[in-house]
Amino acid sequence: MTKLFLPNTEATQQLGINLGETLAAGTVILLEGDLGAGKTTLVQGIGKGLGITDSIVSPTFTLINEYTEGRIPLYHLDLYRLEPQEVTGLNLESYWEGIEVELGIVAIEWAERMPYLPESYVKIALTDGENGTRQVEIIPFNCQLNFLHKL
Ligand SMILES: Nc1ncnc2c1ncn2[C@@H]1O[C@H](COP(=O)(O)OP(=O)(O)O)[C@@H](O)[C@H]1O
Ligand SMILES: [Mg+2]
């Protein structure tokens, strides 16, 4: 597990950029943290790191936004409005198994709502720090994150 201090919005974005530049296709990122914790901010950084110039907006209402102009595709999901049993019907595994979609990075906000998990994933949990700052915990499950040793 890696714990980092994120003093401001730029630090959250920069972490996302590092992820977007280095993550392999098929990586699933499960984002946890309250409303306003910085989950979408992090995904915006990932998009930047992938070379996506479209603006990345919260998929709270669209459920899933797909961006295909970068190094590899970015699939950005937000399960906030769903119950776990509703998530089951979405066949989310097709995104990380690459079934009928090109393999890319799958970033899922409110991953707590997932009734089942992929075999490998990175859990990223954002919490409030002092004076409006954030802290982040990065926990890879069955996968490696090559950029972490450089931080
Ligand atoms: N490390 C940080 N320190 C202070 N503010 C941050 C930090 N990271 C993000 N923010 C700010 O907090 C808010 C987070 O919003 P957002 O990313 O939409 O959260 P979420 O998707 O988790 O609901 C934004 O206004 C962003 O600028
Ligand atoms: Mg969000």
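Which helices each supply at least two residues of the shell around ligand 1? In this predicted model, local features need pLDDT of at least 70 and side-chain atom pairs count only at pLDDT 80 or more, whereas totals for chains, interfaces and linings use all residues. Residues are numbered from 1 along each chain as its sequence is written, and chains are lettered from A and ligands numbered from 1 in the order in which they are written.

The helices in question are α1 (9-22) and α2 (39-50), where helices (H or I, at least four residues) and strands (E, at least two) are DSSP runs numbered from the N terminus. Ligand 1 is surrounded by 18 residues, of which Leu6, Gly38, Lys39, Thr40 and Thr41 are the closest; a residue counts as near if its C-beta atom, placed from the backbone, lies within 6 Å.

The chain contains 4 helices and 7 strands, and the elements follow one another as β-α-β-α-β-β-α-α-β-β-β. The 7 strands form an open sheet of mixed pairing, in the order β1-β7-β6-β2-β5-β4-β3, with two strands taken to pair if DSSP finds at least two bridges between them. At its edges lie β1 (2-6) and β3 (64-67), each of which pairs on one side only. Strand β3 pairs with β4 (residues 74-78) in the antiparallel sense over 4 bridges, and Glu66 stands opposite Tyr75 in β4.
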